[in-house]
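The sequence and the structure come next, and the description follows.

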Amino acid sequence: MISKTTRTRFAPSPTGFMHVGNLRTALYAYLLARSQGGRFILRIEDTDQARYVDGAVQVIYDTLKTAGLSHDEGPDVGGDFGPYIQSERREIYREHALELVRRGAAYYCFCEKQEPAENDGENVSGGYDGHCRNLSPAEVDAALAAGKPYVIRQKIDREGSTTFHDAVFGEITIENKVLDDQILLKSDGMPTYNFANVVDDHLMGITHVVRGSEYLPSTPKYNQLYRAFGWEIPEYVHLPLIMGRNADGEIAKLSKRHGSVSFENLVQDGFLPAAIINYIALLGWSPKSDRELFTLPELEELFTLSGLNKSPAVFDYDKLRWMNGEYMKQLPAGEFARLSRPFAGTEIGELDAKWAMVAELLHSRIETFREIPEKIAFLLKLPEYSAELFLNKKSKCDPAAAAEILREYLPLFEALPTWNYDELNSLVSDRIAATGANMRRVMWALRIAASGLTVTPGGAVEILYLVGKEEALRRIRKALELIGA
RNA sequence: GUCCCCAUCGUCUAGUGGCCUAGGACACCGGGUUCUCAUCCCGGCAACAUGGGUUCGACUCCCAUUGGGGAUGCCA
């Protein structure tokens, strides 16, 4: 048996953003090709002129690039099967549609565009009524000569049933009588997805058609098209849908109302591309082991169709967050500092110069970069707080004891010539050692005074250092004032 | 309405007739370490939708029911 090289494609339409469901489809198509030493092709499906969005194709390139999914053929990198943009293939579709008409598998239709069916009351069965299905050649010629607008419809064979094989769902059988004469070529001359995907997948030598399971019910129609042309039917790989859960707990196809659903939004929300890819790889696919953290090259090696799941998966932001945290912790300190800085905003004063240390404190404490502003807010501005905060049983501290400690340390800090972390740290620890004081209590008092919070990223000394000498002294005096001692 | 698909902890999943008193992860709840918190470590809670078969034996096979999702566009 001669095995052909695996060729998969990702065929997004340029809508201006990359839905994670689409990204996952791209990922699986990519992994399938890579895992079998095949080729991964990018094709732009821009046949809907009404939905055209400026710059949307660039978004696709950018997303694939940052996600690390490199394509071997496509509009930007070329290839032997181009053009890879459907709007540049109009003539190809037209010729093929006419060929189908000649073969009796399609026909001209001059009916008016059907208004969206009023679906209230009893449900209508929908579908085209077949009015033009059996027009005589003379009638067609006359209408064409009169310049009447037309579409070309597929002449569906409604006898019997169609059974096809899918790599994840197995054998699926559908009665042909439920199929309708779908439009192949629109009145503007553009093909519909239903037609273009068949023509292109064949012409581009696609061996595995990877797409969402919403296409399962229309697959028999595509098979009739393949047969009418005498083409080989590709292997189908239908993917389970990605679902989202709304506030009421209802589950439906993941969409904007569920939160950030595009790759770009997720990145803006402070997620790392590698974490996003890792997470969605596991949404509907399993390596069949207990491992969950994988790099893209590892996935390329491990991916198999048999790991694909049939049931829809709910997108879980909590788990994504956890995974993102794992990726962040794996980042070298310098890299984390560099990537995290933009999320702190521009108005951070002298923290900018001390960012390496701030980043170090943040590193194990956040799961997405988005959490940074609120985490560091207390460093920029002392929160309002009450003297009650000094009361803590475990640290054996109360406002009176805190006042004593603060009065003890204030002059020491004032006298410190250089305000750097190491000096500050040894000053405090030496003093504690010398006086035999309770370290927890001292640190508690200092930290509350320095931060105005009971829970902070970093300890007392780090905070005192970060806010700077002047501000640190001001905060301590303010604390004494607050305690009223 | 009709058609198609799906069904293991709240969520993502492992499990392909006996290895299952069902494993892992997230979330959640405890405990330990830590100058707070987080990290880290240890522990806990929690599921085979229901009813029929088939079989010596069903989470695993078949059927029905129920539940969920999808399709039904000159969108893709």
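Helices (H or I, at least four residues) and strands (E, at least two) are DSSP runs, numbered from the N terminus. By this rule, L464 sits in helix α17, which spans residues 460-467. The model is predicted, so local features need pLDDT of at least 70 and side-chain atom pairs count only at pLDDT 80 or more, while totals for chains, interfaces and linings use all residues. Residues are numbered from 1 along each chain as its sequence is written, chains are lettered from A and ligands numbered from 1 in the order in which they are written, and side-chain values use heavy atoms, with hydrogens and water left out.

**A residue of helix α17**

Buried means under 20% relative accessible area, exposed over 50%, and partly exposed in between (1.4 Å probe, protein chains only). L464 has a relative accessible area of 0%, so L464 is buried. Contact means heavy atoms within 4.5 Å. With neighbours within four places in sequence left aside, L464 is in contact with F413, W419, L424, L446, A450, A472 and I476. The C-alpha atoms of L464 and N425 are separated by 9.8 Å, and these two residues are 39 apart along the chain.

**The surface around RNA strand B**

A residue is near a molecule or strand if one of its heavy atoms lies within 4 Å of it. RNA strand B is surrounded by 61 residues, the closest being T47, K186, E292, S364 and R365. By class, this surface has 24 nonpolar, 18 polar and 19 charged residues. Here Ala, Val, Leu, Ile, Met, Phe, Trp, Tyr, Cys and Pro count as nonpolar, Asp, Glu, Lys and Arg as charged, and the others, Gly among them, as polar. Of the atoms of RNA strand B within 4 Å of the protein, 70% belong to sugar or phosphate, and the rest belong to bases.

A polar contact is a pair of N or O atoms within 3.5 Å; within protein, one must be able to donate a hydrogen and the other to accept it, and residues adjacent in sequence count only if both atoms are side-chain atoms.

| Residue | Protein atom | Atom of RNA strand B | Distance |
|---|---|---|---|
| K288 | side-chain N or O | phosphate oxygen | 3.3 Å |
| R365 | polar side-chain atom | base nitrogen | 2.3 Å |
| G459 | polar backbone atom | base oxygen | 3.2 Å |

The elements that give two or more residues to the surface near RNA strand B are β6 (170-175), α5 (193-203), β10 (242-245), β11 (251-253), β12 (313-314), α10 (317-330) and α16 (439-451).

**Sheet and hairpin**

Two strands pair if DSSP finds at least two bridges between them. Three strands form an open sheet in the order β3-β4-β7, with antiparallel pairing.

In β4, R153 is the bridge partner of Y107. Helix α3 (residues 90-102) lies across β3, β4 and β7 and runs at about 105 degrees to β3.

Strands β5 and β6 form a hairpin with three residues between them. They pair in the antiparallel sense over six bridges, and T162 has I174 in β6 as its bridge partner. In a regular strand the side chains alternate between the two faces of the sheet.

In helix α8 (residues 273-281), seven of the nine residues are buried. Among the elements that cover these buried residues are α1 (20-35), α2 (56-67), α7 (263-268) and α9 (296-302).

H71 lies in the loop between α2 and α3. At 14% relative accessibility, H71 counts as buried. The side chains of H71 and D76 make a polar contact at 2.9 Å.

R341 is in the loop between α11 (333-340) and α12 (355-363). R341 also counts as buried, at 19% relative accessibility. Its side chain makes a polar contact with the side chain of D352 at 2.7 Å.

How values were computed: Axes are lines fitted to C-alpha atoms, for helices over the stretch in contact, and angles run from 0 to 180 degrees between N-to-C directions.
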